Amino acid sequence: MVKYSIRRLTGTLIVFLALSIFTFVLSRAVPGGPWSQGAEMPLSEEQVAIFKAKYGLDKPLLVQYFIWLRNALTLDFGRPFMAPELTVTQLILKQWPYSAVVGGLAASLACVIGTILGSICAARQNTWLDNVVSTYAVISGTIPSFVLGFVLVYIFSAKLGWFPAGGWSGLSFKNLVLPVVAFGLPAAGGVARWTRQCMLESMSADYVRTAYAKGVRQAGVMSRHVLRNALIPMVTSFLPLFPDMMTGSIFIEKTFGIPGLGQYFVSSSFSRDYTLVLGITMFWAILIALTYLLTDIIYGFIDPRVRLTRRSF
Amino acid sequence: MTQELASLQVSPVERVKYRGFWTGAWRRFRRNVLAMYGLVFVGFIIVVALFVPVLAPYPYDKIDLAHGLEEMSKEHLLGTDQLGRDMLSRIMFAARPMLLVGFVTQVAALLIGLPLGIIAGYKGGVFDWVVTRFIDFFSALPWYLIVLYLVMVLKPSLQNLILALIITSWVNQCRIVRGLTMSVREQDYIEATRALGLPTWQILTSHILPQVAPLALWGFAVGIPTAVFAEAGLSFLGLGVRPPQPSWGQMLGESGQWWIYKPHMFVFPGLMITLSVLAFQGLADGLRASIDVNVNV
Amino acid sequence: MLPLLDVRHLEVAFFTKDGVVKAVNGISYTLDYGDTLALVGESGCGKTVSVLAMLRLLPVPPAKIMGGQVLLEGHDLLRLKLDQMHTVRGSQIAIVFQDPMTSLNPVMPVGDQIAEAMQVNLRLGRKEALEQTEVLLQRVGLPNAANQLKSYPHQFSGGMRQRVMIAMAISCKPKLLIADESTTALDVTIQAQIVDLVKELQQELGMTMIWITHNLGLVARLAKRVIVMYAGYIIEMGLTKQIFANPIHPYTIGLLNSVPGIELTVDQDLQYIEGAPPDMIKLPPGCPFSPRCLYRSERCLTERPELVELTTSVAAACWNIDRVHNR
C-alpha cells in the first residue's frame, strides 16, 4: 500500500514539474511581455531593459526557471508584475475564495438537484415522468453556463428586478444566486443522468431480488441495498465536480463580473505576467490533484471490496 | 466417417435474415429522437454554412451605424447589433467557424490519438510510459484552461484556437483507445494470432483496430460538441474568432453591454450555441446506442 | 387435510418488444407437508419463472401473471397486494438462489444480511439477530462464525457463500424451502456437501422442499416426487422411483437416456434429443414437444395433449403412449 502511494505521489510531482515547465516556457518563449500587450503607455527600449533587469527577465531562460523553481519549493511564488504590492501567494489567497465559493456552491447545487432528479427517474423508470425529467436533464446539460447566465440575468434582474443587475458588489446572497444557478444547473443535468444510471444498475441487481425474497420491504431495500451500492459510483463521479468547478469558473466570472481567480488567470496570461500565471496554474493543479487523491481514499473507504483486498504492486 | 456425417438428418432450423451491421445500426439510430434531431439540425447547419454567401441577406461586416441596435424588423429579421450589422447574416456566417472547429479538431485528434493509443496500449513499455505521462499531464488541469492558456499565449485567433484544441483533444482519444487496446490485447484470440506468427502490424490493423474503431468513432463524435463548446466559450471571452468575423460565442460576449435593453442580441446566438451542442451530443449518443459501444472504459 | 401448496393453472407471460413469451402455460400441482418435490427441465422451460411468480418476485412489466391460483395453506398468494407479500417471503416460503456471488449484497457484511431476515420477519433486535446468526453460520458448516459475521461476500469461496445463502433462507424457519439450481455454480464435491447439508436441515426443521434442477442424479437421490416441465407445460409428473424406472413421455425417456451411464464405453455414442428447444414466442399449436418427437402423429401437431393420470402415482401428457411403449 505504501509503495503504491509513493509511486502515485512521484507521478503527480513529475506532472507538476512538467506543467510548470510548460507554462513557463510558453510564456517566456513567445515574444512579448507585460509591457507590450495592450499597454497603455508603450515603453521605450531603455525602460524595457530596466524593467527586465529588475525582474531578472534578462537572464537566460534556464536560469530564470530554476530561480522560480527554487523559490516555489519554499512556497515563494514571487510578485506579479502588474500589481507588485502583493505577492503572488497573497493575491491568490485573496481572490481565490470568490471562485471557491461560487464553484463550490454550484457543485453542491448540481449534486443535490441532480441526485434528486436522477432518483426520481430511476424510481419511475420508463414512465412519462422519467422521460420528461431525462429530456430536461439532457437539454439543461447542454446549455453553456454563460448562455444560461445571460438568460437568467435578463429575466430575473432586468425584467423582474429580483436580483441586482449592476454587477458584483461583494459576497452576498443576492449576488451569489444567479451565478451559482447559472453555473450549477447545467452540471445538474449530467449528475442526474449518472445518478439514474447508477440507481437503475443497482436496482436490477440479483441481491435486490434476494432482499425482497427475504421479506424486506421496499423502503428497506431501497435504502440498505440499492442506495448503498449506487452511492459508490455516484460519489466517485461527484467529488471531482468540486475542484473542476472551483477552478473553471472563468466564464461565469466574466458574465457576472466576479473578481475570482479565473479573471486573473486570463489577464495574466494575456500580459505574460508569468509569475502570476505560474502561481495560479500550480495552485489549481495542486488543488485538483489533492481532490482526486481524496476521492480515491474515500472510494477505498466506502467500497469494502477495495478496502479489504490487499493490493500488491 | 464422412459418409455418416453427410447422411445425418438435421432438423431444419428457420433461417434468420441477417440484414447487415450498418442497416441494424441505422434502425437503432432512427429510434433515438435526440439523435434524429441532431442529424437533421447538423445537416441543416452544414447546408447553411456551405451556401451562406448566397443565402445571407447582408454581408457580415456591413456596418450601418444609422440602424444600430434595432429590434427585429422586416429588413433585419433578427435585428441589428451595435454597429448596425444584420444579426441574421452574422448568425448564418458564424456557422462556418463552428463547423470548422468541430470537425477539423476532432479529425486531427483522431488521426493523432488513435495510432498513438493503439501502439501504446499494445506495446507497453517505455513508449506507453511516455504516452501515459502526456495523458496525465493534460489531465492535471481542466482542458479548457489549457486551451485558454495556449490561445492567449499564442495570440488569439481561429487558427490558434484550432491548434490548441487539437493539442488537448488527441489526449482524450488516445486515453480511451489505449484503455480498450489494453483489454483487447489480453483476449485469447490475440494470443492465437501471435502464435500463428502474424506480424505485429497485421495484428494491429486486422484484429485490434476493428475492435477499437467503434469506440474511437464515438470519441470523435463526442469530441465535437466539446470543441464547439470550447469555441463558443473562448470567443465569448474574446479569445477566439477575431472580429469582424462572427462567431456565436463572440456575439454573445460582445452583447455584454447592451443585452439588458436588447435581448435579441444574446438570445439568438445563445440559442444557436445551445441547439448546436445539443445536436452534436444527440448524434454522439445515437452513435453510441446504435453501434453499441461500451463507453465505460 | 389441506395441502401446504396448491398450484392451479398458473400462467405467466413476458411482454417483450419481440413478442409475447409464454413462459408458464397452465401448470397445476399440489405439495403436502413434508414432501420433497423436484422440478426438472431444460433451461428456459419455465421452472424458475413459475416459482418466482409464486412469490411475486417477477418484474411486473414485462412479466405478467395471466391466470391461475397459488394457494398457500388455503390463501391465494396471487390475490395478495404486492406490499403484503413480505409477510410470506422469508417467513413462510424461502428461496436459495443459484448464483451466490451476485445474490449477496457486496457492500453489506454477511452477518448483517442474515440478521436482516430475522429482524424483518421475526421482529428481533439487532443484537439478538446477530447472536442467532452466529449459531446459524455454525450450523451450516462455517467454522469461524464469530469472525465471519463482519466479513463481506467477496472474502468467501463459492461453497461458503452458498452456505451463507442457505443460512439466510432457513433463518426464519420457513414452511417451504425452494432451492433454485443452488448447486449448479459449484464444484462437484462441494455440490455433494451442500446437498447433504440442505437435506439435514430439511429433516431438522421439518420443511417442505422444492428442488429446481436439471441434474437428474440429484433428483433421484433427493426427491420423492418429480415434475418434468417442457416449454412451460408439465408433461410428466409422479413418484420419482416410478418415473425413473419407467418413463412414459418421449421427452422424459430422452432425458433419462441422455445421462451417460458409468458403464458406457468409448465406442458407444452419447444419446441426445434431436432438434432445439422451442421458441417460446411462437409455440406450436399442438404438443410443444412434437417438432422433436420421434413418435409424433398428425394429432400431436394440432391438438395439445392434457395431463392424464395413468396410475395413482404417475401422470403424463401424450397422445401416443401406447405407440411409445409398443402396446
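Student: What makes K173(C) count as partly exposed?

Tutor: Count the C-beta atoms around it: K173(C) has 15 others within 10 Å. The labels work like this: 20 or more other C-beta atoms within 10 Å of a residue's own means buried, 12 or fewer means exposed, and anything in between is partly exposed, with C-beta atoms placed from the backbone. With 15, K173(C) is therefore partly exposed. Before we go on, note that this is a predicted model, where local features need pLDDT of at least 70, side-chain atom pairs count only at pLDDT 80 or more, and totals for chains, interfaces and linings use all residues. As for names, residues are numbered from 1 along each chain as its sequence is written, while chains are lettered from A and ligands numbered from 1 in the order in which they are written.

Student: Where is K173(C) found, and what is its phi?

Tutor: K173(C) sits in the loop between α6 (158-170) and β7 (176-180) of chain C. Phi of K173(C) is near 45 degrees, a positive value in a residue other than glycine. Most residues other than glycine have a negative phi, and most peptide bonds are trans.

Student: And R123(C): buried or exposed?

Tutor: R123(C) has 9 C-beta neighbours inside 10 Å, so it counts as exposed. R123(C) lies in the loop between α3 and α4 (126-139) of chain C, and its phi is also positive, near 55 degrees.

Student: Which peptide bond is cis?

Tutor: The one from P61(C) to P62(C), with omega near 5 degrees. P62(C) belongs to the loop between α1 (47-54) and β4 (63-72) of chain C.

Student: Over to chain B. Why are α3(B) and α12(B) called oblique to each other?

Tutor: Helix α3 (residues 33-55) of chain B packs on α12(B) at an angle of about 125 degrees, with the axes 7 Å apart. Axes are lines fitted to C-alpha atoms, for helices over the stretch in contact, and angles run from 0 to 180 degrees between N-to-C directions. Under 35 degrees is roughly parallel, over 145 roughly antiparallel, 65 to 115 roughly perpendicular, and the rest oblique. The pair α3(B) and α12(B) is therefore oblique. Their crossing is left-handed, a label used if the near helix is turned anticlockwise from the far one by less than a right angle, with clockwise giving right-handed. Among the residues making the contact are L34(B) and F41(B) of α3(B), and L275(B) and F280(B) of α12(B).

Student: How many residues from each chain make the contact of chain B with chain A?

Tutor: 29 residues from chain B and 33 residues from chain A. The largest share of chain B's side is 7 residues from α12(B). By class, that side divides into 23 nonpolar, 4 polar and 2 charged. Here Ala, Val, Leu, Ile, Met, Phe, Trp, Tyr, Cys and Pro are nonpolar, Asp, Glu, Lys and Arg are charged, and the others, Gly among them, are polar.

Student: Which residues touch the most other members in the largest nonpolar core?

Tutor: Of its 145 residues, A110(A), L165(B), V177(B), V228(B), L234(B) and W248(B) do. The largest share of this core is 15 residues from α10(B). A core of this kind is a set of buried Ala, Val, Leu, Ile, Met, Phe, Trp, Tyr and Cys residues joined through C-beta atoms within 7 Å. V177(B), not counting residues up to four places away in sequence, touches residues including L114(B), I118(B) and V212(B).

Student: How many helices and strands has chain A?

Tutor: Chain A has 14 helices and 0 strands, and buried residues make up 40% of its 313 residues.

Technical notes
Two residues are in contact if their C-beta atoms, placed from the backbone, lie within 7 Å. Helices (H or I, at least four residues) and strands (E, at least two) are DSSP runs, numbered from the N terminus.
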